[in-house]
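Hi,

Here is the structure I promised to pass on.

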Amino acid sequence: QVQLVESGGDLVQAGGSLRLSCAASGSIFSTYDMGWYRQAPGKRRELVARITSGGNIKYAESVKGRFTISRDNAKATVYLQMNSLNPEDTAVYYCNAHHIYYPYYDYWGRGTQVTVSS
């Protein structure tokens, strides 16, 4: 089992930047694909970015070129650098850990609020 704690959410003006962090504990970090998801009020939770245990990366189209996901296995932490933020990025951002071995458990953090003012 793994515990995830997000941090770095804040109120920022449009055009600004934030860096989210997700610290994992309780299991072998390198055996998890890590992802950032977000959920805006009244909307479904959606994938923002994902980085596999092998370092392959996928981004949502809406954040390509603006957001960068990275991981530090030694620190058991995944990051999301968010640049050129706009009000549509306002949401609660959740960290996800997907175990790469059967039975492929998923774990979630409690989320961190990102609010972008216009």
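Below is what I found, sorted by topic.

First, the housekeeping. This is a predicted model, so to speak of a local feature I needed pLDDT of at least 70, side-chain atom pairs count only at pLDDT 80 or more, and totals for chains, interfaces and linings use all residues. Residues are numbered from 1 along each chain as its sequence is written, and side-chain values use heavy atoms, with hydrogens and water left out.

**Salt bridges**

The structure holds 4 salt bridges (a side-chain nitrogen of Lys or Arg within 4 Å of a carboxyl oxygen of Asp or Glu). What I'd look at is the network of salt bridges that links Arg 38, Glu 46, Arg 66 and Asp 89.

Start at Glu 46, whose side chain meets that of Arg 38 at 2.7 Å, N to O. Glu 46 counts as partly exposed at 37% relative accessibility, whereas Arg 38 counts as buried at 6%. (Buried means under 20% relative accessible area, exposed over 50%, and partly exposed in between, with a 1.4 Å probe and protein chains only.)

Arg 38 also forms a salt bridge with Asp 89, with the closest N and O atoms 2.9 Å apart. That pair links distant parts of the chain: Arg 38 belongs to strand β4 (residues 32-39), Asp 89 sits in the loop between β8 and β9, and 51 residues separate them. (Strands are DSSP runs of E, at least two residues, and helices are runs of H or I, at least four, numbered from the N terminus.)

Which residue does Asp 89 meet in a further salt bridge? Its partner there is Arg 66, at 2.8 Å from N to O.

**The four-stranded sheet**

There is an open sheet of 4 strands in the order β1-β3-β8-β7, with antiparallel pairing. Why is one side of β1 and of β7 left without a neighbour in the sheet? Because β1 (3-7) and β7 stand at the edges, each has a single partner strand. From one strand to the next, the twist averages 15 degrees (axes are lines fitted to C-alpha atoms, for helices over the stretch in contact, and angles run from 0 to 180 degrees between N-to-C directions).

Within this sheet, β3 (residues 18-25) and β8 pair in the antiparallel sense over 6 bridges; two strands pair if DSSP finds at least two bridges between them. Leu 18 has Met 82 as its bridge partner in β8.

A few spots in the loops deserve a look. Tyr 102 and Pro 103 are joined by a cis peptide bond, with omega about 5 degrees. Pro 103 lies in the loop between β9 (91-99) and β10 (106-108).

Tyr 104 is also in the loop between β9 and β10. Its phi is positive, near 55 degrees, in a residue other than glycine. Tyr 104 counts as partly exposed, at 42% relative accessibility.

Ala 76 has a positive phi of about 50 degrees, although it is not a glycine. You'll find Ala 76 in the loop between β7 (67-72) and β8 (77-82), where it is buried, with a relative accessible area of 15%.

Cheers
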